[in-house]
Amino acid sequence: GITVVGYVPTGWGEDSISSIESAMLVYLNWYGVSGIYLDQMPNWNYNSPSGTWYYSGPDGEFIPAYFAALSHYGESIGMTDVMANSGADVPTDFIGSVNTIGTFENPFLPSLSLSAGWTSIAGLGGWHASYSKSNFMFFSYAVPSLDPSYLLAVSDYAGYLYITNGTGTQPYNALSPYFDQMVSVLASKVQVTIQSATTEGIPTSGGLWVTLTQPDGSSSSGYTPSTFDVSSGSNVTILADSYGSYVFDHWSDGSTSPVIEVTPIQAMTLVAIYR
(Lines give C-alpha, C1' and ligand atoms only; values in the text may rest on other atoms or scores of the structure.)
Protein backbone atom coordinates (compact mmCIF):
# COMPACT_ATOMS: atom_id res chain seq x y z
CA GLY A 1 0.00 0.00 0.00
CA ILE A 2 3.02 2.35 0.03
CA THR A 3 3.59 4.65 -2.93
CA VAL A 4 7.26 4.55 -3.99
CA VAL A 5 8.76 7.49 -5.89
CA GLY A 6 12.21 8.13 -7.32
CA TYR A 7 14.38 11.12 -6.40
CA VAL A 8 15.79 13.60 -8.93
CA PRO A 9 17.27 17.03 -8.05
CA THR A 10 16.64 19.77 -10.62
CA GLY A 11 19.47 22.21 -9.91
CA TRP A 12 16.86 24.78 -8.87
CA GLY A 13 15.26 24.60 -12.28
CA GLU A 14 18.56 24.96 -14.16
CA ASP A 15 19.17 21.32 -15.22
CA SER A 16 17.94 20.45 -18.69
CA ILE A 17 14.47 18.96 -18.95
CA SER A 18 15.82 16.15 -21.15
CA SER A 19 18.35 15.07 -18.50
CA ILE A 20 15.70 14.97 -15.79
CA GLU A 21 13.30 13.06 -18.04
CA SER A 22 16.06 10.51 -18.69
CA ALA A 23 16.55 10.05 -14.94
CA MET A 24 12.80 9.66 -14.45
CA LEU A 25 12.70 6.94 -17.11
CA VAL A 26 15.64 5.11 -15.50
CA TYR A 27 13.80 5.02 -12.16
CA LEU A 28 10.71 3.65 -13.88
CA ASN A 29 12.60 1.01 -15.85
CA TRP A 30 14.79 -0.13 -12.97
CA TYR A 31 12.34 -0.06 -10.07
CA GLY A 32 8.82 0.33 -11.45
CA VAL A 33 8.19 3.38 -9.25
CA SER A 34 4.76 5.03 -9.14
CA GLY A 35 6.12 8.55 -9.42
CA ILE A 36 9.01 10.95 -8.95
CA TYR A 37 10.13 13.43 -6.30
CA LEU A 38 11.72 16.48 -7.92
CA ASP A 39 13.95 18.26 -5.43
CA GLN A 40 15.25 21.83 -5.55
CA MET A 41 12.08 23.50 -6.81
CA PRO A 42 12.66 27.28 -6.71
CA ASN A 43 10.15 29.52 -4.97
CA TRP A 44 10.49 32.32 -7.50
CA ASN A 45 8.85 32.59 -10.92
CA TYR A 46 11.69 33.12 -13.38
CA ASN A 47 15.28 32.09 -14.09
CA SER A 48 17.23 34.79 -15.88
CA PRO A 49 18.43 34.49 -19.48
CA SER A 50 22.03 34.47 -18.19
CA GLY A 51 21.38 31.35 -16.12
CA THR A 52 21.46 32.86 -12.65
CA TRP A 53 18.99 31.44 -10.13
CA TYR A 54 16.71 34.28 -9.25
CA TYR A 55 15.28 36.74 -11.74
CA SER A 56 12.04 38.70 -11.38
CA GLY A 57 11.73 39.91 -14.95
CA PRO A 58 9.44 38.50 -17.64
CA ASP A 59 12.25 37.66 -20.08
CA GLY A 60 13.53 34.71 -18.09
CA GLU A 61 12.38 31.09 -18.17
CA PHE A 62 9.00 30.63 -16.46
CA ILE A 63 9.77 28.03 -13.82
CA PRO A 64 6.21 26.68 -13.24
CA ALA A 65 6.14 25.71 -16.94
CA TYR A 66 9.44 23.86 -16.46
CA PHE A 67 7.93 21.69 -13.73
CA ALA A 68 4.64 21.30 -15.59
CA ALA A 69 6.58 19.87 -18.54
CA LEU A 70 8.25 17.32 -16.25
CA SER A 71 4.88 16.49 -14.71
CA HIS A 72 3.32 15.88 -18.14
CA TYR A 73 6.25 13.66 -19.08
CA GLY A 74 5.80 11.64 -15.89
CA GLU A 75 2.14 11.15 -16.72
CA SER A 76 3.02 10.12 -20.29
CA ILE A 77 5.19 7.23 -19.05
CA GLY A 78 2.59 6.06 -16.52
CA MET A 79 3.67 7.82 -13.32
CA THR A 80 0.73 8.71 -11.07
CA ASP A 81 2.53 11.01 -8.62
CA VAL A 82 4.90 13.84 -9.49
CA MET A 83 5.99 15.73 -6.38
CA ALA A 84 8.41 18.63 -5.99
CA ASN A 85 10.06 20.12 -2.93
CA SER A 86 10.85 23.80 -2.56
CA GLY A 87 11.19 23.74 1.22
CA ALA A 88 9.61 27.20 1.30
CA ASP A 89 6.33 28.73 0.25
CA VAL A 90 5.89 29.18 -3.49
CA PRO A 91 3.98 31.68 -5.67
CA THR A 92 0.43 30.65 -6.55
CA ASP A 93 1.47 30.08 -10.19
CA PHE A 94 3.13 26.83 -9.12
CA ILE A 95 -0.18 25.22 -8.12
CA GLY A 96 -1.01 22.51 -10.64
CA SER A 97 2.52 22.30 -12.10
CA VAL A 98 2.98 19.06 -10.13
CA ASN A 99 0.66 16.98 -7.95
CA THR A 100 2.12 18.06 -4.59
CA ILE A 101 4.60 20.75 -3.51
CA GLY A 102 6.76 20.78 -0.39
CA THR A 103 6.37 24.31 0.99
CA PHE A 104 8.09 23.93 4.38
CA GLU A 105 11.25 22.11 5.51
CA ASN A 106 12.81 23.31 8.76
CA PRO A 107 14.12 22.10 12.15
CA PHE A 108 10.82 23.07 13.79
CA LEU A 109 7.11 22.64 13.17
CA PRO A 110 5.12 25.03 10.97
CA SER A 111 2.74 27.39 12.72
CA LEU A 112 -1.00 26.82 12.55
CA SER A 113 -1.64 30.57 12.64
CA LEU A 114 -2.69 31.97 9.28
CA SER A 115 -0.96 35.25 10.15
CA ALA A 116 2.43 33.71 11.02
CA GLY A 117 4.04 34.77 7.75
CA TRP A 118 6.45 32.33 6.10
CA THR A 119 6.33 29.98 9.10
CA SER A 120 2.59 29.34 8.60
CA ILE A 121 1.60 25.96 7.20
CA ALA A 122 -1.10 27.83 5.27
CA GLY A 123 1.37 30.10 3.47
CA LEU A 124 1.71 33.87 3.52
CA GLY A 125 -1.66 35.33 4.46
CA GLY A 126 -3.16 31.85 4.63
CA TRP A 127 -3.55 31.56 0.85
CA HIS A 128 -3.30 27.74 0.90
CA ALA A 129 -6.81 27.63 2.40
CA SER A 130 -8.21 28.44 -1.05
CA TYR A 131 -6.78 25.21 -2.51
CA SER A 132 -7.06 21.51 -1.78
CA LYS A 133 -4.57 20.32 0.85
CA SER A 134 -3.45 17.63 -1.64
CA ASN A 135 -1.34 20.37 -3.26
CA PHE A 136 0.92 20.72 -0.22
CA MET A 137 3.34 18.73 1.93
CA PHE A 138 5.89 19.60 4.61
CA PHE A 139 8.86 18.15 6.48
CA SER A 140 9.99 19.01 10.01
CA TYR A 141 13.11 17.63 11.70
CA ALA A 142 14.76 18.08 15.12
CA VAL A 143 11.30 17.74 16.72
CA PRO A 144 11.85 15.81 20.00
CA SER A 145 8.32 14.45 20.44
CA LEU A 146 4.97 14.25 18.70
CA ASP A 147 1.85 16.17 19.77
CA PRO A 148 -1.19 14.20 18.53
CA SER A 149 -3.55 17.21 18.64
CA TYR A 150 -1.12 19.32 16.64
CA LEU A 151 -0.71 16.49 14.14
CA LEU A 152 -4.45 16.33 13.53
CA ALA A 153 -4.73 20.11 13.19
CA VAL A 154 -1.81 20.45 10.80
CA SER A 155 -3.09 17.56 8.66
CA ASP A 156 -5.97 19.84 7.66
CA TYR A 157 -3.47 21.88 5.63
CA ALA A 158 -1.14 19.26 4.12
CA GLY A 159 -1.83 16.17 2.07
CA TYR A 160 1.52 14.67 3.07
CA LEU A 161 3.78 15.30 6.05
CA TYR A 162 6.80 13.87 7.82
CA ILE A 163 8.06 14.76 11.29
CA THR A 164 11.21 13.36 12.89
CA ASN A 165 13.66 14.02 15.71
CA GLY A 166 16.59 13.59 13.33
CA THR A 167 19.22 16.35 13.31
CA GLY A 168 22.38 17.36 11.50
CA THR A 169 23.03 17.22 7.78
CA GLN A 170 21.18 13.89 7.40
CA PRO A 171 18.06 14.17 9.59
CA TYR A 172 16.22 11.56 7.51
CA ASN A 173 18.75 8.72 7.65
CA ALA A 174 16.66 6.81 10.21
CA LEU A 175 12.93 6.31 10.56
CA SER A 176 11.26 8.72 12.97
CA PRO A 177 11.08 7.07 16.45
CA TYR A 178 7.44 8.09 16.72
CA PHE A 179 6.55 7.00 13.19
CA ASP A 180 4.11 4.35 14.45
CA GLN A 181 2.39 6.96 16.62
CA MET A 182 2.09 9.32 13.63
CA VAL A 183 0.49 6.62 11.53
CA SER A 184 -1.83 5.55 14.36
CA VAL A 185 -3.04 9.08 15.08
CA LEU A 186 -3.70 9.83 11.42
CA ALA A 187 -5.45 6.47 10.97
CA SER A 188 -7.76 7.17 13.91
CA LYS A 189 -8.92 10.53 12.60
CA VAL A 190 -12.45 11.25 11.49
CA GLN A 191 -13.54 14.13 9.29
CA VAL A 192 -15.84 16.96 10.28
CA THR A 193 -17.26 18.90 7.33
CA ILE A 194 -18.75 22.37 7.82
CA GLN A 195 -21.10 23.74 5.19
CA SER A 196 -23.13 26.96 5.10
CA ALA A 197 -26.62 27.76 3.82
CA THR A 198 -29.29 30.44 4.08
CA THR A 199 -32.40 30.05 6.20
CA GLU A 200 -34.16 29.10 2.94
CA GLY A 201 -31.87 26.10 2.64
CA ILE A 202 -29.86 27.50 -0.26
CA PRO A 203 -26.04 27.11 -0.08
CA THR A 204 -24.42 30.50 0.52
CA SER A 205 -23.11 32.17 -2.61
CA GLY A 206 -19.65 32.49 -1.06
CA GLY A 207 -17.67 30.63 1.54
CA LEU A 208 -17.91 31.78 5.15
CA TRP A 209 -15.05 31.53 7.65
CA VAL A 210 -15.15 28.67 10.17
CA THR A 211 -12.62 27.59 12.80
CA LEU A 212 -12.22 24.22 14.51
CA THR A 213 -10.23 24.10 17.75
CA GLN A 214 -8.63 20.87 18.99
CA PRO A 215 -8.57 19.85 22.70
CA ASP A 216 -5.02 21.22 23.11
CA GLY A 217 -6.07 24.67 21.84
CA SER A 218 -4.59 24.37 18.34
CA SER A 219 -6.98 25.39 15.60
CA SER A 220 -7.59 25.15 11.86
CA SER A 221 -9.64 27.54 9.75
CA GLY A 222 -11.09 27.79 6.27
CA TYR A 223 -13.99 28.91 4.12
CA THR A 224 -17.09 26.76 3.87
CA PRO A 225 -17.33 24.09 2.76
CA SER A 226 -14.32 23.01 4.86
CA THR A 227 -13.34 19.57 6.11
CA PHE A 228 -11.25 19.13 9.27
CA ASP A 229 -9.50 16.09 10.70
CA VAL A 230 -10.10 15.25 14.37
CA SER A 231 -9.31 12.27 16.56
CA SER A 232 -12.28 9.97 17.04
CA GLY A 233 -13.94 10.65 20.40
CA SER A 234 -12.17 13.96 21.04
CA ASN A 235 -14.11 17.05 22.10
CA VAL A 236 -13.64 19.89 19.61
CA THR A 237 -15.01 23.42 19.35
CA ILE A 238 -16.35 24.95 16.14
CA LEU A 239 -16.91 28.66 15.47
CA ALA A 240 -18.91 29.99 12.52
CA ASP A 241 -18.20 33.65 11.75
CA SER A 242 -20.72 36.12 10.36
CA TYR A 243 -19.60 38.30 7.48
CA GLY A 244 -21.13 41.25 5.68
CA SER A 245 -24.83 40.63 5.00
CA TYR A 246 -24.56 37.02 6.23
CA VAL A 247 -25.46 36.79 9.94
CA PHE A 248 -25.24 33.44 11.74
CA ASP A 249 -28.65 32.15 12.82
CA HIS A 250 -28.31 28.52 13.95
CA TRP A 251 -26.68 25.16 13.29
CA SER A 252 -28.37 22.31 11.47
CA ASP A 253 -28.68 20.46 14.80
CA GLY A 254 -30.72 23.36 16.23
CA SER A 255 -27.97 25.01 18.31
CA THR A 256 -28.28 28.80 18.22
CA SER A 257 -24.78 29.76 19.38
CA PRO A 258 -22.14 30.26 16.66
CA VAL A 259 -19.75 28.34 18.95
CA ILE A 260 -20.55 24.68 19.52
CA GLU A 261 -18.74 21.64 20.93
CA VAL A 262 -18.97 18.23 19.27
CA THR A 263 -17.42 14.81 19.98
CA PRO A 264 -17.43 12.96 16.67
CA ILE A 265 -16.85 9.21 16.58
CA GLN A 266 -17.42 8.99 12.84
CA ALA A 267 -17.46 11.37 9.89
CA MET A 268 -20.04 14.09 10.34
CA THR A 269 -21.36 17.15 8.51
CA LEU A 270 -22.69 20.30 10.15
CA VAL A 271 -24.39 23.16 8.34
CA ALA A 272 -24.19 26.73 9.63
CA ILE A 273 -27.45 28.50 8.77
CA TYR A 274 -27.29 32.23 7.98
CA ARG A 275 -29.92 34.88 7.59
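Trainee: How much space lies in the largest pocket?

Mentor: About 1,100 Å³. The model is predicted, and the volume is computed from it. Of the 30 lining residues, Phe139, Tyr160, Leu161, Tyr162 and Phe179 are the closest to the centre of this pocket.

Trainee: Which elements supply at least two residues each to the lining of the largest pocket?

Mentor: Strands S1 (5-9), S2 (35-39), S5 (81-85), S7 and S8 (160-163) do, and so does helix H4 (179-187). Helix H4 gives the most, with four residues.

Trainee: How do the residues of that lining divide into nonpolar, polar and charged?

Mentor: The lining of the largest pocket has 19 nonpolar, six polar and five charged residues. Phe, Tyr and Leu count as nonpolar, so Phe139, Tyr160, Leu161, Tyr162 and Phe179, the residues closest to the centre, belong to that class.

Trainee: What is known of the second largest pocket?

Mentor: About 270 Å³ of space lies in the second largest pocket. Its lining is made of 18 residues, and Tyr131, Lys133, Asp156, Ser226 and Thr227 lie nearest its centre. Strand S11 (219-223) and strand S12 each supply at least two of the lining residues. By class, the lining has seven nonpolar, eight polar and three charged residues.

Trainee: Lys133 lies nearest the centre there, among others. Why is its contact with Asp229 called a salt bridge?

Mentor: The rule asks for a side-chain nitrogen of Lys or Arg within 4 Å of a carboxyl oxygen of Asp or Glu. The closest N and O atoms of Lys133 and Asp229 are 2.9 Å apart, so the pair meets the rule. Lys133 sits in the loop between strands S6 (100-106) and S7 (136-140), while Asp229 is in strand S12 (residues 226-231), 96 residues apart.

Trainee: Is Asp229 buried or exposed?

Mentor: Buried means under 20% relative accessible area, and Asp229 has 1%, so Asp229 is buried. Lys133 has 26%, which lies between the cut-offs of 20% and 50%, and therefore counts as partly exposed.

Trainee: What makes Lys133, Lys189 and Asp229 a network?

Mentor: Salt bridges link these residues. Besides the bridge from Lys133 to Asp229, Lys189 forms one with Asp229, at 3.2 Å between the closest N and O atoms. Lys189 lies in strand S9 (residues 189-198) and Asp229 in strand S12, so this pair ties together parts that are 40 residues apart in sequence. Lys189 is partly exposed, at 28%.

Trainee: How many salt bridges does the rule give?

Mentor: Three. One of them pairs Arg275 with Asp249, with closest N and O atoms 3.0 Å apart. Arg275 lies in the segment after strand S16 (268-274) and Asp249 in strand S14 (residues 248-251), so parts 26 residues apart in sequence are tied together. Arg275 has 53% relative accessibility and the cut-off for exposed is over 50%, so Arg275 counts as exposed. Asp249, at 26%, is partly exposed.

Trainee: Why do strands S10 and S11 count as paired?

Mentor: Pairing needs at least two bridges. Five bridges join strand S10 (residues 209-213) to strand S11, so the two count as paired; they run antiparallel. Leu212 stands opposite Ser220 in S11.

Notes:
Residues numbered from 1 in each chain as written. Predicted model: local features only at pLDDT ≥ 70, side-chain atom pairs only at ≥ 80, totals over all residues. Heavy atoms only, no water. Buried < 20%, exposed > 50% of the residue type's maximum accessible area, 1.4 Å probe, protein only. 1 Å grid on protein atoms, 1.4 Å probe; cavity = no way out; pocket = protein on both sides within 12 Å on 5 of 7 lines; lining within 4 Å. Points joined across faces, edges and corners; volume = space filled by probe spheres on them.
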